[in-house]
Amino acid sequence: MKEVTISIKDLTKKFEDVIALDNLSLEIERAELFGLLGPNGAGKTTIIRILSGLLQPTSGSAKVGNYDVQREQARVKEVIGVCPQDTAVCPYLTGRENVELFGNLHAMPKKKLKQNTNRLLEQLGLTQDADRRLGKYSGGMKRRINLIMALVHDPKIAFLDEPTVAMDPQSRHAVWGFIKELKARGKTVVLTTHYMEEAEELCDRVGIIDYGKLIALDSPEQLKDKFNAKDLEEVFIQLTGRRIREGL
Amino acid sequence: MNFQRVFALVKKDLKKMVREPATLFLIILFPVVLTLAFGLTFGGIGGSQSTTYRIGVVNMNPAESSQLWPQYLLGNLSTTEILKIQDFPDNETAQADLVQGKIQAVIIIPEDFEQSCDSFWNTPSDPSQWVNTTVQVYLDSGSIFAVQAIPPIIEQVLVRTIFGDQPTSITKPVQISSPSLVQTSGITMFDHMVPGIFAYASIFFTMTVAQSFTDDRSSGLLKRINVTPTTATEFMSSQTISNMMGALIQTIMVFVMAFLVGYRPGGGIVSFALAFTLVLIFSLCNVGFGLITATVAKSSGAATGISFIFILPQMFLGTFVGAALSSTAQSISRFVPSYYVTDALTSLFLRGAPATSPAILLDTLVISICSIAALMVGILLFRKYGKA
């Protein structure tokens with residue numbers, strides 16, 4: 001029997017009169033690479049923000065690593081790594097300094113921090129530019145540093161909110177390889193994306209979200225078979241009557 | 001509290017202070033340039049030297065006659081060390097330099113000066129035998145200091161020239177005691193300004209803290225830090241420490257620059273320690289004001305503008321800017337924290353008050369209360385309304 005690492009039960013989040021999440025329930029297993037799919041504004045980021053303790057749900061509950069996200073936030077923060085959708089970095093620090101800052105915020109031992117920093121910079125092809133200030137990085141390089149900052153402390157659970165958005169194809173494939181390796185190392189990864197090919201390439205299972213509701217949940221292959229579709233984009237069209245890039 | 005997290009955040013903020021041109025300018029370069037400019041303008045370069053005035057002298061006493069008394073007068077003018085004497089051949093040349101501001105005054109020694117002085121000493125008790133004459137003095141009306149300071153100095157030099165250092169037994173109704181030259185104080189106008197400059201420089205932490213928080217908030221960095229195990233206490237401690245370190249660096253830089261342009265404050269090591277402590281405590285007050293500003297401001301630009309609500313009253317009422325305040329404004333100034341910093345530093349460095357004097361202790365108490373209150377209010381408001 002597989003171990004559930006993240007459980008979401010009847011989760012609802014309202015922003016004044018807008019319902020961002022509507023009674024959503026979901027379970028994600030340990031070492032699973034789970035994709036949250038949906039158009040912009042569907043509620044993917046809201047889920048990540050609630051799971052990482054940045055937002056309080058209006059109703060319902062959620063557990064991350066068996067810790068309640070509302071009552072045991074400090075515990076949750078020890079086991080997660082969050083890569084935000086926008087590149088939240090310090091432009092006045094170098095790439096290495098940004099990474100080390102977040103390693104220190106997770107109270108990593110110095111030696112381990114140095115090893116992880118060097119390994120991750122190498123893996124994402126940033127060793128050469130590691131000691132340049134981030135203000136001088138290209139957009140793609142900043143996004144890669146953004147990802148490393150989330151994972152330098154080797155978290156058990158990684159929330160990656162559209163980590164490859166606005167990346168060139170080469171960088172995107174490098175990041176895909178990196179995410180696959182996370183799964184191979186037994187990490188639980190929750191990936192939000194609106195790139196269907198990304199979900200098909202990486203995810204064990206995907207949850208398709210529309211207007212804050214979970215409208216489909218299965219592996220990409222099972223979903224394609226079920227809807228007799230050639231790809232997940234077609235699955236989404238059959239479910240909602242519109243293309244995913246059209247938004248809400 | 002985990003000090004690894006606190007020090008990592010302090011390191012980040014100090015690097016920001018040094019690497020971001022706008023922050024570096026406001027925190028370090030601006031106070032340093034300000035101190036340098038005011039020091040050169042109002043102070044005396046080279047240490048404790050007095051203020052000096054350049055005086056043009058036109059000696060109309062005929063060259064062929066004795067120059068004994070004019071030489072006495074010129075000698076006495078020179079020995080004041082306040083007046084730097086420059087000889088001019090005629091009044092016209094001297095006046096030309098005066099109107100150009102090259103000299104601050106012109107003294108015309110009259111043709112009958114020798115004769116007049118001799119007549120006094122020949123019959124000191126019989127004024128009817130004296131040859132009266134007048135020493136003309138022209139002043140640079142563009143310099144308030146020259147107008148106020150030079151005439152009494154010349155007057156006393158003249159008295160000394162005629163009567164000498166010792167009292168003379170002159171049998172006349174008015175006795176003239178041994179006149180002493182006006183002792184110009186080693187304290188320059190710049191010395192009066194420096195305490196206010198320390199407060200003035202620190203005030204701008206309000207702006208940099210507000211900008212920093214709004215920037216970090218809009219870039220998502222605050223949220224990102226919030227999903228790490230860093231606690232609010234650790235984060236705010238790091239902000240407090242980094243801004244206090246910034247204030248310390250700023251104070252040292254301002255002090256060094258002031259020293260280089262001639263500032264020589266009184267007081268011992270205790271006074272210096274207390275002065276630095278006061279500025280550091282005051283920096284917390286401005287961190288608090290910065291947090292309040294960041295709570296209200298939605299962007300870095302708005303933070304810059306709103307921060308002036310805290311900066312301007314403190315600047316005009318509590319630093320060197322408000323040196324010539326009206327009595328009403330002086331009363332209002334008691335309501336701004338910077339006033340107490342300036343007052344305490346003035347007492348320590350200019351008035352020579354000991355660190356334990358009641359006035360300084362009261363100032364310290366007020367600054368501490370204001371700083372703790374502003375910081376607490378800032379933290380509470382920012383945590384409740386400012387993080388979104």
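Me: Starting with Asn23(A): what does it count as, by relative accessibility?
Reply: Asn23(A) counts as partly exposed, because its relative accessibility is 48%. This is a predicted model.

Me: Where is Asn23(A) found?
Reply: In strand 2 of chain A, which covers residues 18–29.

Me: And what is its phi, for Asn23(A)?
Reply: Asn23(A) has a positive phi of about 55 degrees, although it is not a glycine. Ala166(A) is not a glycine either, and has a positive phi of about 65 degrees.

Me: Where is the place of Ala166(A)?
Reply: Ala166(A) is in a loop of chain A, between strand 7 (157–161) and helix 6 (169–184).

Me: Is Ala166(A) buried or exposed?
Reply: Exposed. The relative accessible area of Ala166(A) is 65%, and the cut-off for exposed is over 50%.

Me: Switching to cavities. How many does a search of the whole structure find?
Reply: Four of 30 Å³ or more.

Me: What volume has the largest cavity?
Reply: About 130 Å³.

Me: Which residues line the largest cavity?
Reply: They are Asp13(B), Lys16(B), Met17(B), Thr23(B), Thr208(B), Val209(B), Ser212(B), Gln239(B), Ser242(B) and Asn243(B). By type, the lining of the largest cavity has six polar, two charged and two nonpolar residues.

Me: Which helices of chain B each supply at least two residues of that lining of the largest cavity?
Reply: Helix 1 (3–19), helix 8 (205–218) and helix 10 (232–260) of chain B.

Me: What about the second largest cavity, what volume has that?
Reply: The second largest cavity has a volume of about 60 Å³.

Me: Which residues line the second largest cavity?
Reply: From chain A, the lining has Ile80(A), Gly81(A), Val82(A), Phe102(A), His106(A), Met149(A), Ala150(A) and His153(A). From chain B, Arg224(B), Val227(B) and Thr228(B) take part.

Me: Which elements give two or more residues to the lining of the second largest cavity?
Reply: Strand 6 (80–83) and helix 5 (139–151), both of chain A. Strand 6 of chain A gives the most, with three residues.

Me: And how do the residues of the lining of the second largest cavity divide?
Reply: Into six nonpolar, four polar and one charged.

Me: Back to His106(A). Where is it found?
Reply: His106(A) is in the loop of chain A between helix 3 (95–105) and helix 4 (110–123).

Me: Why does His106(A) count as buried?
Reply: Because the relative accessible area of His106(A) is 14%, and buried means under 20%.

Me: Leaving aside neighbours within four places in sequence, what is His106(A) in contact with?
Reply: In chain A, His106(A) is in contact with Lys77(A), Ile80(A) and His153(A). In chain B, the contacts of His106(A) are Thr228(B) and Pro229(B).

Me: Phe102(A) came up too. What lies over the face of Phe102(A)?
Reply: Arg224(B), at 5.3 Å from the ring centre. Within chain B, the charged end of Arg264(B) sits over the ring of Phe259(B), 3.7 Å from its centre.

Me: Ring pairs next. How many aromatic pairs are there over all chains?
Reply: The count comes to 17 aromatic pairs over all chains. One of them is Phe213(B) with Phe382(B), which is edge-to-face with 4.9 Å centre to centre and 80 degrees between the planes.

Me: Where in chain B are Phe213(B) and Phe382(B)?
Reply: Phe213(B) is in helix 8 and Phe382(B) in helix 15 (residues 358–386), so the pair links distant parts of the chain, 169 residues apart. Both Phe213(B) and Phe382(B) are buried.

Me: What kind of pair do Phe255(B) and Tyr263(B) form?
Reply: Phe255(B) and Tyr263(B) form an edge-to-face pair, at 6.4 Å centre to centre and 80 degrees between the planes. Phe255(B) counts as buried at 15% relative accessibility, and Tyr263(B) counts as buried at 1%.

Me: Which residues do ring pairs link into a cluster?
Reply: Phe190(B), Phe255(B), Phe259(B), Tyr263(B), Phe272(B), Phe276(B) and Phe349(B).

Me: Last one, Leu33(A). Is Leu33(A) buried or exposed?
Reply: Buried, with a relative accessible area of 1%. Leu33(A) is in strand 3 (residues 33–37) of chain A.

Me: How many residues apart in sequence are Leu33(A) and Val206(A)?
Reply: 173 residues, while the C-alpha to C-alpha distance in space is 8.7 Å. Neighbours within four places aside, Leu33(A) has contacts including Ile179(A), Leu191(A), Leu202(A) and Arg205(A).

Note on methods. Residues numbered from 1 in each chain as written. Chains lettered and ligands numbered in written order. Predicted model: local features only at pLDDT ≥ 70, side-chain atom pairs only at ≥ 80, totals over all residues. Heavy atoms only, no water. 1 Å grid on protein atoms, 1.4 Å probe; cavity = no way out; pocket = protein on both sides within 12 Å on 5 of 7 lines; lining within 4 Å. Points joined across faces, edges and corners; volume = space filled by probe spheres on them. Helix = DSSP H or I, 4+ residues; strand = E, 2+ residues; numbered from the N terminus. Nonpolar A, V, L, I, M, F, W, Y, C, P; charged D, E, K, R; others polar. Buried < 20%, exposed > 50% of the residue type's maximum accessible area, 1.4 Å probe, protein only. Contact = heavy atoms within 4.5 Å. Phe/Tyr/Trp six-rings, centres within 6.5 Å; stacked < 30°, edge-to-face > 60°. Lys NZ or Arg CZ within 6 Å of the ring centre and 35° of its normal.
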